[in-house]
There are 2 protein chains.
Amino acid sequence: MGDSNFADTIIEKTRKLGHPLCVGLDPHVAYIPNAFFSKNGQKNRPIDGIAKFFHEVVERLNGKVVAVKPQSAFFEQYGADGIRLLEELIVQCKQQGIPVILDAKRGDIGSTAAAYAALIDPSKAEAANAMTLNAYMGTETIEPFLPHVIQGGAGIFVLVKTSNPGAEEFQGLQVDHDFLYCHVAKGLTRLLPHTIGASGWSSVGIVVGGTYPSDAMRIREILPTSLFLVPGYGAQGASAKDALAGFLRGPMCLEGGVVNASRSILFPVGVDATAREWEAAFDEAVLKSTRELQEAARL
Amino acid sequence: MGDSNFADTIIEKTRKLGHPLCVGLDPHVAYIPNAFFSKNGQKNRPIDGIAKFFHEVVERLNGKVVAVKPQSAFFEQYGADGIRLLEELIVQCKQQGIPVILDAKRGDIGSTAAAYAALIDPSKAEAANAMTLNAYMGTETIEPFLPHVIQGGAGIFVLVKTSNPGAEEFQGLQVDHDFLYCHVAKGLTRLLPHTIGASGWSSVGIVVGGTYPSDAMRIREILPTSLFLVPGYGAQGASAKDALAGFLRGPMCLEGGVVNASRSILFPVGVDATAREWEAAFDEAVLKSTRELQEAARL
C-alpha cells in the first residue's frame, strides 16, 4: 500500500490467497452479541461495544482477506464518536496490511469533491485506501479523486449497477438502445489513463452488484481493466459463481476485484451467543466464504 | 421546527422575510480571513479558526435567512474534530431558530439508508432538520428517510438537476423522449403522500440548479408541491431571477424552496481583511443578496 498502485495490491493479495474476499464492517448494533457490550458486569456505551467487536473482527481477519469495507453510514450515525472509531479501525487495518475500502458513496462538484478526497488522502494515517463514489452529477465529479489514485496509490469504486432490488428503476432505463448503467460505465473510460498498474488492472474501479451476473459480464466488456467491487454475496443472495461473473482468468485464479460479504460473516450467531461462540462461528464463516470463493475462482 | 412540517417552517420564514435566502456553510479554509486563525498573537489550529469563523457567521445570520446549508464534505475532511464542529454549529443554528439543511448527498440501500437517516433524526439535538440525498440507486433508497419526514418534521432534498457544468452528462440523457432528470422527478411523486403541510408544500424536496431556469420550470410541472433547494446563485453564476424560475406565487411573494449562496456571502473580502472588515462586508453581502432576492420574489 502507500504509493504502490491500489489495483496491484488487491490483485497481488487475490493471487496469493486464491480468492477475492472482502469483509464489510457494518456496525448493525442490533446483531452484535450482547457479550461485547458488557465489561466487568457493567453495560458499555454502545460505541464502546461496537469498538470492541470490530477491533476483534479486524484482528481475526489478519492475512485472510484481500480488503475490508467499512460502511460509513453505520459510523456516522454515532456522530464524532463514530468517526473517531472509524479512524481507529482504519489505522488498525493499515497496520495489519489490510486495504480499507470506505463505503461512503460520495458524489459532489469540484471543490466539494476535493474535500471528500481527503477520505483517501495517502498522507493521512486515518484515511482509507479506497472509497466508493456516485457519479449521478457527472464524471467531472470523479476527477478530483484522481490525483490520489494516480500519484498516491489510492483507489475508487464508482457506482454502476448496484445490488438492491430497486436498482433497475433508474440504472436500468433505456438510453439509445442501451442501459443507463452502461452509459455511466462508458463515461468512466476517459478517466482510466495512468491508473493501470503492473498487474494490468485499473484503480478506477466500479461497483457491480453480484445479484445481476449477466449485467456484470456486459459491464466487463465496457471496462475490461477496472476492478469490480461486488456487493450482494452472502446475505443478499448472490452465489460465489454469480459474484465472480465479471472476473477474468489471471495467472493463479479468476481475478479483477473484490467480493464483499458483511452480515453472513459478521453475525453468524444470535446476540445471546458468548464471545467464544461468536469467535468460533465467525472464523468458520470466514473459512466457508473463503472456500466457496476459492472453489469458484479456481481455473 | 421539531414536530411541525419542515416545508411549513421554510414557507413561513419566506413569507415573513420576503425572500428564500439560504446561506451555505462551506469551510473553505483558504478563503477564511487569517484574523480568525490567531488568538493572542498565537496561531490557532485550523479547526479552531474555522469554528470561530462559523460561530460568528451563524450569529450574524440571526433572523435574516430561511435556512443554512452546511456542506458535509468540508467538515468531514477534518475527521472526528470536523464532525464535532458540525454538530456544534447545528445545535447553535437550531437554538437560534435557523433550519439546517445538511448537504451530504447520501444514497444507499435500506438498512444503510436507515443509518444515514440518523443525520436528520428529530430526537437528536445535533441532527440537522433536513438533508440532501442522491437517488441513483432507486427511490427505494429514499423511503427509510420518510418516517422522520412524516412523523418528525424533517425534510429531504433529492438531487434531480444539479448546477455544475457536467450535470448534463447523465442527468440530461434522453429516456423515452424525456430527460433522465425528469424520470427521477417522476419517480419521487409516489413518496409525497403525508408529506404536504398546511402551506401546501411538501417536505420531500428536490435539488434543482439555478443555472438551468428552463429545466426548473419543467421540473416544477412534474412536482408542483416539492420544495426546491436551488444551488448556483451567486458565485456559480445564476441570477436571482434564474434561481426563482421554479418558484410559484404565494400570498406574500414567490415561494417554494430555498436559494443558496455560499462563497459570495461568506468570503466577500480577501484573507488579509481584519475581522472588522470581514464583518462589514459579510453583513453587506447578506443585505445585497437579500434585496436581490426580495426584488425578484416580489409579486
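Modeller: Let's start with contact: two residues are in contact if their C-beta atoms, placed from the backbone, lie within 7 Å. This is a predicted model, in which local features need pLDDT of at least 70 and side-chain atom pairs count only at pLDDT 80 or more, while totals for chains, interfaces and linings use all residues. Residues are numbered from 1 along each chain as its sequence is written, and chains are lettered from A and ligands numbered from 1 in the order in which they are written.

Biologist: Great. How many residues of chain B are in contact with chain A?

Modeller: 43 residues of chain B touch 43 residues of chain A. Two or more residues each come from α3 (72-76), α4 (79-95), α5 (110-116), α7 (168-171), β8 (174-175) and α8 of chain B. These labels follow DSSP runs numbered from the N terminus: helices are H or I with at least four residues, strands are E with at least two. α4(B) gives the largest share of that side, 5 residues.

Biologist: How does the side of chain B that touches chain A split by class?

Modeller: There are 19 nonpolar, 16 polar and 8 charged residues. For these classes, Ala, Val, Leu, Ile, Met, Phe, Trp, Tyr, Cys and Pro count as nonpolar, Asp, Glu, Lys and Arg as charged, and the others, Gly among them, as polar.

Biologist: At what angle do the axes of α4(A) and α4(B) cross?

Modeller: Axes are lines fitted to C-alpha atoms, for helices over the stretch in contact, and angles run from 0 to 180 degrees between N-to-C directions. The axes of α4(A), residues 79-95, and α4(B) cross at roughly 170° and come within 8 Å. That makes α4(A) roughly antiparallel to α4(B). The words have cut-offs: under 35 degrees is roughly parallel, over 145 roughly antiparallel, 65 to 115 roughly perpendicular, and the rest oblique.

Biologist: Now inside a chain. How do α8(B) and α9(B) pack?

Modeller: α8(B), residues 180-188, packs on α9(B), residues 213-222, at an angle of about 30°, with axes 9 Å apart. The two are therefore roughly parallel to each other, and their crossing is right-handed. On handedness: a crossing is right-handed if the near helix is turned clockwise from the far one by less than a right angle, and left-handed if anticlockwise. Cys182(B), Ala185(B) and Lys186(B) of α8(B) make the contact with Arg218(B), Ile219(B) and Ile222(B) of α9(B). Those divide into 4 nonpolar, no polar and 2 charged.

Biologist: And what is the strand order of the sheet in chain A?

Modeller: In general, strands of a sheet pair through backbone hydrogen bonds, either parallel or antiparallel. Two strands pair if DSSP finds at least two bridges between them. In chain A, an open sheet of 8 strands has the order β4-β1-β14-β11-β10-β7-β6-β5, with parallel pairing. β4 (67-70) and β5 (101-106) of chain A stand at the edges, each with a single partner strand, so one side of each lacks a neighbour in the sheet. Neighbouring strands are turned by 30° against each other on average, direction ignored.

Biologist: How many bridges join β5(A) to β6(A)?

Modeller: 3 bridges, and the strands run parallel; β6(A) is residues 130-133. Ile101(A) stands opposite Ala130(A) of β6(A). In chain B, β10(B) (202-208) and β11(B) (226-230) also pair in the parallel sense over 3 bridges, with Phe228(B) in β11(B) as the bridge partner of Ile206(B).

Biologist: Which strands does α1(A) lie across?

Modeller: α1(A), residues 6-17, lies across β4, β6, β7 (155-161), β10 (202-208), β11 (226-230) and β14 (257-261) of chain A, at about 70° to β10(A).
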